[in-house]
Amino acid sequence: MKVFCGRANPTTGSVEWLEEDEHYDYHQEIARSSYADMLHDKDRNMKYYQGIRAAVSRVKDRGQKALVLDIGTGTGLLSMMAVTAGADFCYAIEVFKPMADAAVKIVEKNGFSDKIKVINKHSTEVTVGPDGDLPCRANILITELFDTELIGEGALPSYEHAHRHLVQANCEAVPHRATVYAQLVESRRMWSWNKLFPIRVQTSRGERVIIPPLELERCPGAPSVCDIQLNQVSPADFTILSDVLPMFSVDFSKQVSSSAACHSRQFEPLVSGRAQVVLSWWDIEMDPEGKIKCTMAPFWAHSNPEELQWRDHWMQCVYFLPQEEPVVQGSALCLVAHHDDYCVWYSLQKTSPEKNERVHPVRPVCDCQAHLLWNRPRFGEINDRNRTEQYIQALRTVLKPDSVCLCVSDGSLLSMLAYHLGAEQVFTVENSAASHRLMKKIFRANHLEDKINIIEKRPELLTPADLEGKKVSLLLGEPFFTTSLLPWHNLYFWYVRTAVDQHLGPGAVVMPQAASLHVMVVEFRDLWQIRSPCGNCEGFDVRIMDDMIKRALDFRESKEAEPHPLWEYPCRSLSKPQQILTFDFRQPVPLQPVHAEGTIELRRRGRSHGAVLWMEYHLTTDSTVSTGLLKPAEDEGDCCWNPHCKQAVYFFNTTLDLRVPLGGPQTVTYTVEFRPHAGDITMDFTLSDALDRGC
């Protein structure tokens with residue numbers, strides 16, 4: 001059956017109704033899941049297997065049958081491990097129906113249907129009794145309910161319910177225990193993801209400083225965790241202020257509470273500085289003795305950094321303190337970890353919470369609008385002094401004393417730069433209520449509320465009255481729009497430029513004047529694992545899961561490139577960067593498709609995992625801002641990516657090992673097309689015949 005789905009097109013700005021398969025959302029979730037990454041996580045799999053074997057042995061040694069409850073079974077892998085370890089029976093709970101169906105097939109294919117029952121329910125809906133899903137309570141509880149924050153996927157409520165209704169008292173649990181760790185640091189780079197820094201502008205009237213409003217300064221920030229690959233943050237980007245502190249532990253073999261709680265740890269700062277950020281991670285111990293441990297610790301806190309396991313389904317956490325606070329070496333403080341049933345947050349206190357009435361157990365929520373409008377990379381982008389200086393220099397070349405400017409970007413400070421640099425009049429379009437409120441606060445804090453006119457409507461709905469009857473001589477955009485995911489979604493600026501064409505005066509300047517799409521073939525160090533078939537996992541055949549992911553990826557939207565922040569995912573270039581499409585913003589959007597095809601020569605040895613695509617914006621003839629590669633690749637091909645933007649990754653269906661000698665030219669053929677009516681870019685990459693023979 002087909003269904004109509006309404007979807008906002010981020011490039012054209014229009015709402016489209018598309019006919020989709022009734023299971024479209026299921027396929028999207030599967031295609032973008034981390035199932036493949038988890039199956040490739042050898043450390044996770046091995047530690048779970050060891051812990052399961054030990055738990056089954058302990059139950060058997062007591063002369064009992066081993067009855068296993070596996071919550072969140074996924075592929076059924078952990079249940080199959082349990083049966084192989086000697087469990088008498090497993091009840092595998094999986095709420096996501098397509099995944100539960102796959103687990104049934106995987107269990108059957110591996111010959112365990114007589115020992116494993118897959119139950120397609122949420123664990124809180126499972127019943128126990130003669131007519132229930134389970135005939136009796138289980139005595140071994142196996143779960144994999146964790147996310148980067150440990151509890152963000154509802155682990156605590158699920159455990160709480162399981163202990164009350166589904167498992168025996170003092171059951172064996174795998175994992176047995178989890179511990180959350182934290183480390184206090186000072187980091188201008190990470191703090192720039194959370195606060196707006198003052199921006200200094202040299203003008204003909206002297207220096208002007210754009211300051212953040214007081215509401216933003218005092219705001220505790222976004223309540224959600226910032227999860228990143230912390231191992232990719234340079235140690236030079238932060239100063240460690242405390243030892244690694246074990247904040248709290250959860251014993252999964254006993255009754256678990258999902259009630260809000262706080263846990264404090266007293267410490268003495270290692271050095272004096274400004275407390276801004278808490279870095280956090282966790283480990284899980286698979287056995288009561290703590291001999292089988294799986295840790296998410298970053299390299300500097302890892303017991304054996306050479307054994308670091310790359311994983312994307314579990315990373316590390318960055319939490320921002322509500323306010324930065326000075327700390328003095330040797331002067332004792334308390335770091336407090338708060339949590340409710342789904343979230344964790346931190347505060348810094350002079351004394352322990354029991355003696356401090358200022359501790360607030362309620363989760364912090366943004367009340368300044370900025371953290372609702374700007375995500376962490378966007379904060380970093382706005383605070384990037386070098387990037388801002390590029391825009392300032394470009395503005396100086398196009399501004400005139402009588403310039404009438406119209407700024408079109410979401411929550412952009414370009415309008416303020418234009419005013420300070422001498423524009424006669426400045427208008428800015430903010431089509432969301434959140435961006436309108438935020439910009440009013442910023443203008444008010446800088447005494448510009450009467451100098452810059454905010455228009456709260458969609459740009460294509462502008463009327464001459466909105467512009468006070470004036471013609472625009474300078475149309476500005478970064479461009480940045482909050483709805484953009486892929487690099488070319490910001491081509492919405494081109495559609496806006498086309499829509500406001502009637503409002504542009506003779507000889508009007510558009511900045512940026514053009515954009516170009518670039519591509520490069522790369523070898524990933526680790527990211528390839530999220531799209532690589534597993535086949536056999538710890539001795540179990542999971543090819544059914546591989547096929548399921550492949551079918552999901554065959555859906556229209558999933559066959560396109562995926563957004564990834566590549567500064568977190570190291571890769572090597574196998575080709576030179578290549579410009580493949582250009583977009584001239586000085587002209588309206590064309591009616592006909594813009595098409596390009598050609599070949600990319602592979603110049604380095606390695607494994608060709610995919611192509612990376614990004615946009616470059618040509619502000620003027622002499623000034624270009626890249627959202628992708630920031631400088632030519634080094635001798636070994638190592639890449640430096642824009643840390644504020646996500647690049648687009650197109651994973652190849654087949655991968656070639658270029659270390660194998662091949663005959664003929666080693667090239668990738670591409671076909672790329674921009675379709676103006678749909679506002680999208682379609683692409684196809686094909687390994688040449690010479691490469692295919694080497695696959």
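This is a predicted model: local features need pLDDT of at least 70, side-chain atom pairs count only at pLDDT 80 or more; totals for chains, interfaces and linings use all residues.
Helix H4 spans residues 77-84, and because 7 of its 8 residues are buried, the helix is largely enclosed by the rest of the structure. The buried positions in H4 are Leu77, Leu78, Ser79, Met80, Met81, Ala82 and Val83. Gly86 follows H4, and its phi is positive, near 115°.

In the pair formed by Trp281 and Trp300, the ring centres are 6.5 Å apart and the planes stand at 90°, so the arrangement is edge-to-face. Trp281 belongs to strand E15 (residues 273-285), whereas Trp300 lies in the loop between strand E16 (293-295) and strand E17 (316-327), and the pair therefore ties together parts that are 19 residues apart in sequence. With regard to accessibility, Trp281 counts as buried because its relative accessibility is 3%, under the 20% cut-off, while Trp300, with a relative accessible area of 24%, is partly exposed. Aromatic residues also gather elsewhere in the chain, where Phe146, Tyr159, Phe252, Trp282 and Trp314 form one cluster.

On the surface, a patch of negative charge is made up of Glu634, Asp635, Glu636 and Asp638. Of these residues, Glu634 is located in the loop that runs between strand E33 (623-626) and strand E34 (647-651), and its relative accessible area of 44% places Glu634 in the partly exposed class.

Terms used: Residues are numbered from 1 along each chain as its sequence is written. Side-chain values use heavy atoms; hydrogens and water are left out. Patches are made of residues with over 30% relative accessible area and no salt bridge: like charges are joined within 9 Å, nonpolar side chains (Val, Leu, Ile, Met, Phe, Trp, Tyr) within 5 Å. Accessible areas come from the Shrake-Rupley method with a 1.4 Å probe; for residues, only the protein chains shown count as cover. A salt bridge is a side-chain nitrogen of Lys or Arg within 4 Å of a carboxyl oxygen of Asp or Glu. Lys and Arg count as positive and Asp and Glu as negative; His and the chain ends are not counted. The place of a charge is taken as NZ of Lys, CZ of Arg, CG of Asp or CD of Glu. Helices (H or I, at least four residues) and strands (E, at least two) are DSSP runs, numbered from the N terminus. Buried means under 20% relative accessible area, exposed over 50%, partly exposed in between (1.4 Å probe, protein chains only). Rings of Phe, Tyr and Trp (its six-membered ring) pair if their centres lie within 6.5 Å; planes under 30 degrees apart count as stacked, over 60 as edge-to-face and the rest as tilted.
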